[in-house]
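This briefing sets out selected features of helix packing, pocket lining and strand pairing. The sequence and the structure are shown first.

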Amino acid sequence: MLVGMAFVTYFLLAFILKFAIERHFLNQDYNYIVSKFNAIENTLLSSPQAVFDQSKNMPLYMWVFDKENVIYKNSNLTFPSANSFTPTAPNILKRKNEIEWREDSLAIRAFAFKSERYVVVLGMSINHHIVFLEELAWILFWTLGTAFVASSVYSWWVVKKGLKPIESLNQHIQQVTPEQLDLRLPLESLPTELQDLARKHNAMLDRLQLGFQRLSDFSSDIAHELKTPLTNVMTQNQVMLGAARSEDEYQDALASTLEELNRITKTINDLLYIAKAENKLIHRNDECFSVKVQIERLVDYYDILAEEASLTMTCQGDA
C-alpha cells in the first residue's frame, strides 16, 4: 500500500508539474502574440499594405483572412483551415483558443484575432518548448523514479521494523506449552500499540495456568478418593478368598464392600455435579435463608470438641 501510494503520488506530481509548465508556456505565448497584434491592429485598418510589408521582418507567422479567403501570408506554411480553424467560427475568436499543428519538423502555435474588417492569425514556432518539455520529462522520469525506489526501500524497512515486535510475540507464543505456562511477555520491550495485546495475552496465560493447576489438583484428589475404597475392597476380598469363611463373615464382607461401593458412587455423583456446574447444566433454584441459623448448627456440632480444647465458639451478626 505504501509503495502503491508513493507511485500514485509521484505520478500525479509529475503530471501536475508538466501540465502547469505547459499552461505557463501557453499563457506566455498568448501574451506575446497579443502584444504583437495590438501593435498592428490600428495600422491594419488604415494601411493594410504597411502591415503586410512590416510582417516580412516580424518573427511571427501571419495569415490575414477576408471572410474565408486568405488575402495575405508572410510564409509558405500551409494553414490547416480545413481541420482546425474556420475564420467564420465565432467561438474561436471569443476566447483564448490555441491552434497547433506540425509541418515537417516545425511545430506551430497560433491564435486568431478579429479586427473590424479582417481575421488575423498570428503564430510562432514552439519547437523550443517541445525540446524543453522532452528534457523535463527525462528529468522527471529519473528524479521521480529514483525517489520512488528510495521511498519503496524505506517503506519496506519501516514495515519490517514495525512488524519486528510481532515476530517476537509470535516466537514467544510458540514457546508456550502445557509444561511452560509460566512464560510471560515483558511489556517494557514492546511498543505502546502492542502492550495492551501483550497484557491480555499474559492474563490469558494466568487463567490457563490456574485452570491447569486446578485440573491437576482435581485429578490428584479424584485419584485419591477412588483409590482408597477400591484398595479396601480388593484387600478385603483377597482376605476373604484366602480361607473358608462363615456365613456371617461373608455377609459382613459384602456389607463392607457395599459401603465402599456407595462411597465410590457418591464420588462419581459429585464429579458429575461438578461437571454440570462448570458447564452451566444445573438448574438453579435460588432461595433466601438465614446464614446465622446454619452457622449456629455448626457451632453446636463442634461445641463439644471446642470444650475439650478449652475453646469457646461464638456466632455474631445475621445475614
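In this predicted model, helix H1 (residues 2-46) and helix H4 (residues 127-175) have axes that come within 9 Å and cross at roughly 160°. H1 is therefore roughly antiparallel to H4, as angles over 145 degrees count as roughly antiparallel. H1 and H4 also supply residues to the lining of the largest pocket.

**Helix pair H1 and H4**

- The crossing of H1 and H4 is right-handed.
- The contact of H1 with H4 comprises 18 nonpolar, five polar and two charged residues.

**Largest pocket**

- The largest pocket holds about 190 Å³ of space.
- Two or more lining residues come from each of the elements H1 and H4.
- H1 gives the most to this lining, with six residues.
- Among the residues that line the largest pocket are Ala6, Phe7, Tyr10, Phe11, Ala14 and Phe15.
- The lining of the largest pocket also includes Leu140, Phe141, Leu144, Gly145 and Phe148.
- By class, the lining of the largest pocket has 10 nonpolar residues, one polar residue and no charged residue.

- Strands of a sheet pair through backbone hydrogen bonds, either parallel or antiparallel.

**Strand pairs on the E2 side of the order**

- E1 and E2 run antiparallel and are joined by four bridges.
- Within this pairing, valine 64 has tyrosine 72 in E2 as its bridge partner.
- E1 and E2 form a hairpin in which two residues lie between the strands.
- Lysine 67, in the turn of that hairpin, has a positive phi of about 65°.
- Strand E1 (residues 61-66) is also joined by five bridges to strand E5 (residues 119-125), and these two strands run antiparallel.
- Valine 119 in E5 stands opposite phenylalanine 65.

**Strand pair E3 and E4**

- Strand E3 (residues 99-103) and strand E4 (residues 106-114) run antiparallel, with five bridges joining them.
- Arginine 102 has alanine 107 in E4 as its bridge partner.
- E3 and E4 form a hairpin, again with two residues between the strands.
- The turn of the E3-E4 hairpin contains aspartate 104, whose phi is positive at about 60°.

**Helix pair H5 and H6**

- The crossing in which H5 passes H6 is left-handed, whereas that of H1 and H4 is right-handed.
- The contact of H5 with H6 divides into 12 nonpolar, seven polar and seven charged residues.

Terms used. Residues numbered from 1 in each chain as written. Predicted model: local features only at pLDDT ≥ 70, side-chain atom pairs only at ≥ 80, totals over all residues. Heavy atoms only, no water. Axes fitted to C-alpha atoms, helices over the stretch in contact; angles between N-to-C directions. Parallel < 35°, antiparallel > 145°, perpendicular 65-115°, else oblique. Left-handed = near helix turned anticlockwise from the far one by under 90°. Nonpolar A, V, L, I, M, F, W, Y, C, P; charged D, E, K, R; others polar. 1 Å grid on protein atoms, 1.4 Å probe; cavity = no way out; pocket = protein on both sides within 12 Å on 5 of 7 lines; lining within 4 Å. Points joined across faces, edges and corners; volume = space filled by probe spheres on them. Pairing = 2+ DSSP bridges.
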